[in-house]
Amino acid sequence: METVNKGYSEKKLSPSAREIKNAIAGKTYRHFAREVENATKEQIFKACALVVRDLITARAAGNGAARDADRQVHYLSLEFLLGRSIAKNMFNLGIYEDMRAALADLGIDIDDVLETEPDAALGNGGLGRLAACYLDSLTSLGITATGYSICYHLGMFKQKIFEGQQIELPDPWLELGDVWLMPAMDEIEEIRFGGRVEEYWENNCMYKRLADYTTVQAVPMDMRVAGYGTNHTNTLRLWDAKSPKVLEMSLFSRGEYMRAVEQNAMAEVISQILYPEDNHYEGKLLRLRQQYFFVSATLQCIVRKHRARHGTLNNFHIKHVIHINDTHPTLVIPELMRILLDEERMDWDQAWTIVSHTVAYTNHTVLAEALECWPQSTFEMLLPRIWQIVCECNDRYLDMIRSRYPDDYNRQAVMAIVWDGQVRMANLCVYACYAVNGVSQLHSKILQENIFAPEYEMWPRKFYNVTNGVDHRRWLSQINPRLHGLICELAGDDGYLKHPNELQKLAQFSRRRDAQSRWEEIKRANKADFSNWLRREQGVMIDPDTIFDVQVKRLHEYKRQLLNVLHIISLYQRLTENPDMDFEPRTFLIGAKAASGYYAAKRIIQLINSLAREIDNDERVKGKLKLVFLENYRVSMAEKLIPASEISEQISLAGKEASGTGNMKFMLNGALTIGTMDGANIEMAEVLGLDNIFIFGLTAVMADQMRREGYNPLQYYDRDETLKAAVDLLSFGFGDGRSYADIANSLILGNPSDSYMLLADFESYRMRHADVANAYRDRERWNRMSMMNTAQAGVFAADRAVSQYARHIWNV
Ligand code: 26Q
């Protein structure tokens with residue numbers, strides 16, 4: 001190892017940096033038999049990650065007291081959209097500077113190491129990223145909690161754009177990403193599928209058990225999580241599916257050859273792939289298998305440890321809260337009932353008391369197409385015992401409803417868990433969980449007044465609101481070091497890291513010219529960095545002296561990327577008609593992945609690319625207007641883009657976006673929002689005042705009313721020439737020979753047409769954009785607004801949200 005430790009430079013390193021440097025060299029040597037200078041960049045990354053992992057493990061070892069906590073949180077989510085971990089871990093451990101120095105001393109640029117890490121994209125979008133942010137806050141707040149999910153071998157697909165269209169490529173993240181995972185081979189669980197329910201007698205009692213089932217092994221892959229400013233650590237346990245080798249042999253020997261082979265084939269596909277549908281449910285058998293696999297493994301693990309410690313399950317609900325991230329882990333309810341009834345041999349009421357005091361549920365959507373309903377036949381075949389338990393729940397629930405509302409058949413029809421050959425997961429959750437919450441004030445109100453109105457009438461005190469929050473250490477301090485530096489300097493310290501409301505100290509500087517100009521310089525520098533990155537990454541040139549107007553999120557019709565497009569077309573048409581007009585030069589950046597089977601969403605991606613090319617090829621608008629489709633939008637891109645953004649587009653139809661969390665990330669980084677009164681935008685407007693945010697469009701109440709009275713988009717099309725010209729261009733088509741008449745028709749013809757009321761909001765959107773451009777010209781005003789956005793963003797920190805869960809829902 002002499003070749004690595006070049007004695008001459010050692011004195012410049014601090015003792016801890018020197019230790020890190022030696023540790024990195026030790027890892028490349030022991031794991032890859034390479035000296036640092038001969039190691040590949042992947043090996044260097046792995047060596048650094050292992051050094052970081054060891055430090056977290058050492059913290060975890062000193063953590064015994066926490067594991068004996070009085071009451072633990074178990075956060076179950078089919079998605080944890082982690083992104084990259086190495087910089088985050090170094091930040092939380094407080095070793096970023098030492099690591100940078102150690103690597104520099106080895107002749108390595110730390111940024112090259114950070115860029116080598118693949119994103120762990122074990123999620124689609126908001127719901128998955130929220131789970132990742134909450135895990136950080138849980139840990140940083142010192143709450144004993146475990147996250148559980150599936151160890152998907154392929155995360156969210158990689159998006160390529162080929163001839164303007166989305167192509168999906170696999171994402172084998174584990175090739176490098178596995179460095180964070182530690183298999184716990186002594187905690188493997190066995191999951192049972194299919195078979196039939198058998199009744200048997202023992203001591204004059206009848207019990208039930210599964211027979212002729214097939215099994216899958218669940219192997220825990222653990223990721224240790226370090227918090228910020230604490231020695232506390234938590235674990236994210238990802239279950240990996242493996243075929244049951246031993247059992248398979250016994251089947252062979254019993255001559256059940258076919259079943260043994262089937263069992264093997266079905267086992268390992270369970271954790272192969274993440275379903276790339278966001279806010280959309282499809283009744284796929286494999287998805288239900290994934291859900292049960294994950295839920296059963298998690299519960300068996302919790303129960304096993306509980307039994308070992310307490311010797312009884314009678315106090316289970318005192319010691320544990322199981323939080324479910326949307327309905328995807330709903331099967332914990334019947335699965336815990338199964339364990340208590342069939343294994344623990346409790347009676348129904350005793351078991352129900354425990355279950356109904358253990359599970360809490362967060363709803364993340366009101367879109368009808370996202371509500372999970374499983375066909376009875378699939379359910380019954382795959383999970384026969386669970387099916388029986390769900391039916392028993394349903395019978396008891398309907399009895400209860402009938403006794404409260406004897407003649408109200410309609411109420412039974414809407415509240416039933418099993419109805420019309422379907423299992424309705426949300427209804428089971430609301431019945432069985434002791435707490436149900438929405439993710440913004442508006443969303444929680446819609447749950448109470450519409451989606452779950454009869455349940456709210458029955459149990460008003462079950463319902464809560466916890467407005468979402470984001471990990472402000474990642475989404476501000478870590479990704480925007482320049483702004484972090486200035487904030488600390490102005491505030492006098494870095495106290496906001498632990499107390500996000502201290503960001504408000506910035507407000508007093510928002511009128512100071514010196515602070516403003518430094519604020520502006522930082523945004524300019526971040527824009528230059530992003531422009532350079534985009535040129536290297538995608539070969540696209542953008543001008544950092546234009547306004548960066550950004551819409552990045554999943555592609556979904558309700559999010560209305562198409563409204564953004566119509567506005568860009570209208571600017572383009574105005575500019576080409578009056579090339580000499582006074583115009584604030586703008587760069588529109590749109591990034592989005594479409595679910596692979598979502599045709600309308602894919603057409604919109606194609607349209608954005610056609611329009612981008614049309615604008616690029618038009619000399620008349622050169623230097624004034626630019627549209628870029630950002631390929632393969634993902635967490636690690638968001639981390640570069642958001643610090644460079646000036647305008648944040650949050651333009652969903654009011655009443656449709658449960659909360660939004662991107663909106664909060666932009667606000668933290670001083671971007672100004674143009675948005676509707678939807679989700680958390682409303683609460684942003686409330687803390688900012690209408691002077692510091694650009695609100696437009698229908699409110700949720702107005703949109704509902706308009707829909708009831710019969711919405712007619714043609715009326716807007718006929719009356720507004722700008723709108724008409726923009727829609728007509730879609731039909732007319734572009735220089736690449738592509739026409740989008742199908743999209744134009746979906747707006748103005750068809751039945752229903754314009755389901756998300758773009759035309760109703762178009763004029764107000766366009767006007768508000770004009771206000772944005774005016775505000776931007778007034779640099780003083782703009783910078784003040786921008787600083788006020790960061791100053792008021794503390795309430796949207798995940799620390800605040802998690803504290804509310806802890807206090808009001810979890811009682812920890
Ligand atoms: C369900 C069944 C089968 C296959 C897929 C799914 C599925 C997967 C992902 C259904 C929904 C999702 C994701 C939903 C989601 O991300 N919702 C968002 O949650 C955010 C966090 O609360 C909110 O901020 C967003 O408003 C909401 O859209």
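Q: Which residue in β21 is the bridge partner of F548?
A: This is a predicted model. F548 is one of the residues of β20 that point one way, together with V550 and V552. Strands β20 and β21 (residues 586-591) pair in the parallel sense over 6 bridges. In β21, the bridge partner of F548 is T587.

Q: Why is strand β20 described as largely enclosed by the rest of the structure?
A: Side chains in a regular strand alternate between the two faces of the sheet. In β20, I547, D549 and Q551 point one way, F548, V550 and V552 point the other way, and all are buried. Strand β20 (residues 547-552) is therefore largely enclosed, because the buried residues number 6 of the 6.

Q: Which strands are the edge strands of the open sheet of 6 strands?
A: The order is β22-β21-β20-β23-β24-β25, with parallel pairing. An edge strand here pairs on one side only. The two edge strands are β22 (625-630) and β25 (694-695).

Q: At about what angle does helix α35 run to β24?
A: Helix α35 covers residues 779-791. It lies across β23, β24 (672-675) and β25. Its angle to β24 is about 85°.

Q: Which residue is the bridge partner of P375 in β17?
A: An open sheet of 3 strands has the order β15-β17-β16, with antiparallel pairing. Its edge strands are β15 (373-375) and β16 (418-419). Strands β15 and β17 (residues 422-424) pair over 3 bridges. In β17, the partner of P375 is Q422.

Q: Which helix lies across β15 and β17?
A: Look for a helix at residues 425-432. It runs at about 45° to β17. This is α19.

Q: What is the distance from K319 to the nearest side chain of opposite charge?
A: K319 sits in helix α13 (residues 316-319). K319 is buried yet has no salt bridge. Its contacts, leaving aside neighbours within four places in sequence, are D70, R71, Q72, H306 and H310. The nearest side chain of opposite charge is that of D70, at 4.7 Å.

Q: Why does G283 count as partly exposed?
A: G283 lies in the loop between α11 (257-269) and α12. G283 counts as partly exposed because its relative accessibility is 41%.

Q: How many Å apart in space are G283 and L106, C-alpha to C-alpha?
A: In sequence, G283 and L106 are 177 residues apart. In space, their C-alpha to C-alpha distance is 53 Å.

Note on methods. Residues are numbered from 1 along each chain as its sequence is written. This is a predicted model: local features need pLDDT of at least 70, side-chain atom pairs count only at pLDDT 80 or more; totals for chains, interfaces and linings use all residues. Side-chain values use heavy atoms; hydrogens and water are left out. Helices (H or I, at least four residues) and strands (E, at least two) are DSSP runs, numbered from the N terminus. Buried means under 20% relative accessible area, exposed over 50%, partly exposed in between (1.4 Å probe, protein chains only). Lys and Arg count as positive and Asp and Glu as negative; His and the chain ends are not counted. A salt bridge is a side-chain nitrogen of Lys or Arg within 4 Å of a carboxyl oxygen of Asp or Glu. Contact means heavy atoms within 4.5 Å. Two strands pair if DSSP finds at least two bridges between them. Axes are lines fitted to C-alpha atoms, for helices over the stretch in contact, and angles run from 0 to 180 degrees between N-to-C directions.
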